[in-house]
Amino acid sequence: MDYKQKEKYDVLNSYMIADEYIIWKGQPSSKIRFKENITHSFFGLFWLGFSIFWCFGASMGGANLMWIPGLPFVAIGIYLVFGAPVYNAYKRKNTYYVITNMKIMRLYNNKVDTIDGRNLPQININGFSDGFGNIYFGENMVYRRNGRTYSGYTGGSFHLEAVPIKAVQIALDKLVEANSVGENDKDQADQN
């Protein structure tokens, strides 16, 4: 672990209380994943192709400089095809996760987000072929509006992105187990 990683995990450790301990910590895979951004890439290919076609057509027309207004559209197409996957990999490289016996923490851009382990919402896993995947918290909600189908998770934007599924699933099981043991002790104390 290099100095930067140690510094980031020290920030997360400062959010822990006395009886809390780390079950798992790690960073998402910083591998560039085009499959995750397939809709951006697919739409971007059409956008890029049309904008290049338009610029080429404008340059072949009578006005020599008419292709210049098309350059921003070419740039947007390049971003949609190549830039979004590269930017997402960069974001993941600067993201840190910690799962403790009480909560899940995520650090990105010096901002710490947490989700309480006692009230953990439904867990949804979207795995990749290399053993990594995304873990979303909350129910998958599908709804229709104006003839279009939309989906999202009720847990908001908190998710673990491109993490090793097996290791994180084991850690989440331990988190749930640690919190269910605490609830059973509390229930027994209430009965006495």
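Let us begin with Thr100, which is buried because its relative accessible area is 0%, and the cut-off for buried is under 20%. Please keep in mind throughout that we are looking at a predicted model. Thr100 lies in strand β2. Its side chain makes a polar contact of 2.5 Å with the side chain of Glu20. What else does Thr100 touch, if we leave aside its neighbours within four places in sequence? Besides Glu20, the contacts are Met16, Tyr21, Ile22, Ile23, Met105 and Leu175.

From this residue I turn to the nonpolar cores. As a general point, nonpolar side chains in soluble globular proteins tend to be buried together. Here, the largest nonpolar core has 16 residues. Those touching the most other members are Ile99, Ile104, Ile135, Phe137, Leu160, Val168 and Leu172. Which elements each supply at least two residues of this core? They are the strands β2 (95-100), β6 (132-137) and β9 (159-164), together with helix α4 (165-191). The largest share, five residues, comes from α4.

Not counting residues up to four places away in sequence, Leu160 touches Tyr97, Ile99, Ile104, Gly133, Asn134, Ile135, Phe137 and Val168. There is also a second, separate core of eight residues, among them Tyr9, Tyr96, Val98 and Val112.

Next, the strands. In general, strands of a sheet pair through backbone hydrogen bonds, either parallel or antiparallel. In this model, an open sheet of three strands runs in the order β5-β6-β9, and the pairing is antiparallel. The edge strands are β5 (123-127) and β9, each of which pairs on one side only. From one strand to the next, the twist averages 25 degrees.

Another antiparallel pair consists of β3 (residues 103-108) and β4 (residues 111-116), held over six bridges. Within that pair, Arg106 stands opposite Asp113 in β4. How many residues lie between β3 and β4 in their hairpin? There are two, and Asn109 in the turn has a positive phi of about 55 degrees.

Finally, I come to the aromatic rings, where the structure holds four pairs. One of these is formed by Phe42 and Phe46, arranged edge-to-face, with 5.1 Å centre to centre and 85 degrees between the planes. Why are these two residues about one helical turn apart? They are four residues apart in helix α2 (residues 38-60), and therefore about one helical turn separates them. Are they buried or exposed? Phe42 counts as exposed, because its relative accessibility is 53%, and Phe46 is likewise exposed at 54%; the cut-off for exposed is over 50%.

The pair of Trp47 and Phe73 is tilted, because the planes stand at 35 degrees, with ring centres 6.0 Å apart. This pair links distant parts of the chain, since Trp47 belongs to helix α2 and Phe73 to helix α3 (residues 71-93), 26 residues apart. Trp47 is partly exposed, with a relative accessible area of 28%, and Phe73 is also partly exposed, at 43%. Ring pairs join Phe43, Trp47 and Phe73 into a cluster.

That concludes my presentation, and I thank you for your attention.

Notes
Residues are numbered from 1 along each chain as its sequence is written. This is a predicted model: local features need pLDDT of at least 70, side-chain atom pairs count only at pLDDT 80 or more; totals for chains, interfaces and linings use all residues. Side-chain values use heavy atoms; hydrogens and water are left out. A nonpolar core is a set of buried Ala, Val, Leu, Ile, Met, Phe, Trp, Tyr and Cys residues joined through side-chain atoms within 4.5 Å. Buried means under 20% relative accessible area, exposed over 50%, partly exposed in between (1.4 Å probe, protein chains only). Contact means heavy atoms within 4.5 Å. A polar contact is a pair of N or O atoms within 3.5 Å; within protein, one must be able to donate a hydrogen and the other to accept it, and residues adjacent in sequence count only if both atoms are side-chain atoms. Two strands pair if DSSP finds at least two bridges between them. Axes are lines fitted to C-alpha atoms, for helices over the stretch in contact, and angles run from 0 to 180 degrees between N-to-C directions. Rings of Phe, Tyr and Trp (its six-membered ring) pair if their centres lie within 6.5 Å; planes under 30 degrees apart count as stacked, over 60 as edge-to-face and the rest as tilted.
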